[in-house]
Structures are given as structure tokens and as C-alpha cells.
Amino acid sequence: MQVKSRHHLRSDGVRELRSRISEALGVDVDGDAYEFVELSEGPDVVLVDGEPAVMYVDDEPFLTVRGANAYPPERGVVVVDAGAVSFVSDGADVMRPGITGADEGIEAGDLVVVVEETHGKALAVGRALVDGDELLGDSGKVVESVHHVGDDLFEFAP
């Protein structure tokens with residue numbers, strides 16, 4: 001991943017970013033410095049105090065895996081069991097049998113943070129394919145992986 005350009009966000013851009021993430025996830029991405037980084041491939045990111053905490057998916061700001069671990073979300077969370085951890089961490093889509101809990105406020109098409117049930121650590125960011133109340137069940141793919149532990153964005157070091 002090569003950096004095409006980078007610049008500090010203006011205060012109105014920071015306000016909008018923080019507001020949109022707060023609405024989606026119920027968390028304040030508070031920092032002293034916000035730097036927008038346009039990458040040659042993959043989503044653009046915002047470095048919060050030097051860490052790639054926010055990414056843009058289809059022009060929508062959302063926490064990266066590192067961002068979700070630094071600023072644990074209160075909403076938009078899907079919880080998976082220990083058996084799903086290795087698959088989700090490798091970028092697999094999330095299947096219903098591995099889910100042990102989910103925010104019922106999730107709507108199909110929303111970006112979500114996938115966390116493991118034991119320690120609550122973020123493993124991936126994905127797009128919900130069904131509403132939150134339909135995420136638990138016996139079969140079927142319900143969250144499409146967008147970004148996960150160990151991918152190029154996770155390994156990105158500014």
C-alpha cells in the first residue's frame with residue numbers, strides 16, 4: 001500500500017468524522033491530530049494521533065480493526081465464538097452458526113465490527129447482509145468481510 005497523498009483534516013472535517021462514527025457506533029474518536037491518507041489501493045484512512053483508526057468504505061467513515069480496539073464500539077457489534085475466530089481473522093465472511101450475539105439495531109447493508117466473545121477484541125469489519133435480529137441462526141453467510149486482522153490495511157504503518 002503506497003501513500004498517494006496525506007493532509008491534516010480541518011476542524012469541520014474532524015467534527016463530521018467524529019459525529020458520523022458516534023452516530024453509527026456510539027463512540028467518540030477523540031484525538032489531538034487527524035490526518036487523512038489517500039492510499040494507492042484499498043480504502044483511504046484517517047490517522048488519529050498517528051494510528052490508522054478510521055477508514056472510508058464507500059465514502060462512509062468507519063473504524064478500522066485497530067480503531068475498534070482503541071475505541072470499543074457500543075453499537076453495530078457482532079460477537080463470534082472461539083470457533084469462528086481463526087476464520088474471521090483470516091478474512092472469511094461471518095456465518096450464522098459462529099455468532100453468539102449481535103446488536104439488534106443493525107440493518108442490512110450497515111458496516112459492523114466483528115468481535116470475539118472472550119475478550120471483546122475486534123477481529124474484522126464487515127457489511128451486514130441481514131438485519132440484526134436475523135444474524136443468529138443455524139446456517140448462512142450474514143456478514144461480508146471488508147477488513148480484518150492481518151490484512152494490508154491492518155499492517156499499514158504510516
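Me: Is L17 buried or exposed?

Reply: L17 counts as buried, at 2% relative accessibility. The scale is simple: buried means under 20% relative accessible area, exposed means over 50%, and partly exposed lies in between (1.4 Å probe, protein chains only). L17 sits in helix α1. Its C-alpha atom is separated by 15 Å from that of P43, 26 residues apart along the chain.

Me: What should I know about the model and its numbering?

Reply: This is a predicted model, where local features need pLDDT of at least 70, side-chain atom pairs count only at pLDDT 80 or more, and totals for chains, interfaces and linings use all residues. Residues are numbered from 1 along each chain as its sequence is written, and side-chain values use heavy atoms, with hydrogens and water left out.

Me: How many helices and strands are there?

Reply: Start with the rule. Helices (H or I, at least four residues) and strands (E, at least two) are DSSP runs, numbered from the N terminus. Here the protein has four helices and 11 strands. The radius of gyration is 15 Å, close to the 15 Å that the globule rule gives for 158 residues, so the protein is as compact as a globular protein of that length. That radius is taken over C-alpha atoms, and the globule rule is 2.2 Å times the number of residues to the power 0.38.

Me: What does the C-alpha trace span along its principal axes?

Reply: About 45 × 30 × 25 Å. Of the 158 residues, 42% count as buried.

Me: How many salt bridges does a search of the whole structure find?

Reply: Definition again. A salt bridge is a side-chain nitrogen of Lys or Arg within 4 Å of a carboxyl oxygen of Asp or Glu. The search finds nine. One of them joins the side chains of D12 and R10, at 3.0 Å from N to O. D12 is partly exposed at 36% relative accessibility, and R10 is exposed at 61%.

Me: Which residue forms a salt bridge with R18?

Reply: D28 does, with the closest N and O atoms 2.7 Å apart. R18 lies in helix α1 and D28 in the loop between α1 and β2, so the pair ties together parts that are 10 residues apart in sequence. R18 is partly exposed, with a relative accessible area of 24%. D28 is partly exposed too, at 39%.

Me: Where do D58 and R127 lie?

Reply: First, the contact. Their side chains meet in a salt bridge (3.2 Å, N to O). The pair links distant parts of the chain: D58 is in the loop between β4 (51–57) and β5 (60–63), and R127 is in strand β10 (residues 122–128), 69 residues apart. D58 counts as exposed at 65% relative accessibility. R127 is buried, at 18%.

Me: What is phi of D49?

Reply: Phi of D49 is near 50°, a positive value in a residue other than glycine. D49 is found in the loop between β3 (45–48) and β4. D49 is partly exposed, with a relative accessible area of 42%. Now take D59. Phi of D59 is near 65°, again positive in a residue other than glycine. D59 is found in the loop between β4 and β5, and D59 counts as exposed at 67% relative accessibility.

Me: Which residues gather in a patch of negative charge on the surface?

Reply: Here is how patches are built. They are made of residues with over 30% relative accessible area and no salt bridge; like charges are joined within 9 Å, and nonpolar side chains (Val, Leu, Ile, Met, Phe, Trp, Tyr) within 5 Å. Lys and Arg count as positive, Asp and Glu as negative; His and the chain ends are not counted. The place of a charge is NZ of Lys, CZ of Arg, CG of Asp or CD of Glu. Areas come from the Shrake-Rupley method with a 1.4 Å probe; for residues, only the protein chains shown count as cover. In this structure the patch gathers E104, E107, D110, D131, D133 and E134.

Me: Where is D110 placed?

Reply: In the loop between β8 (99–102) and β9 (111–116). D110 counts as partly exposed, at 30% relative accessibility.
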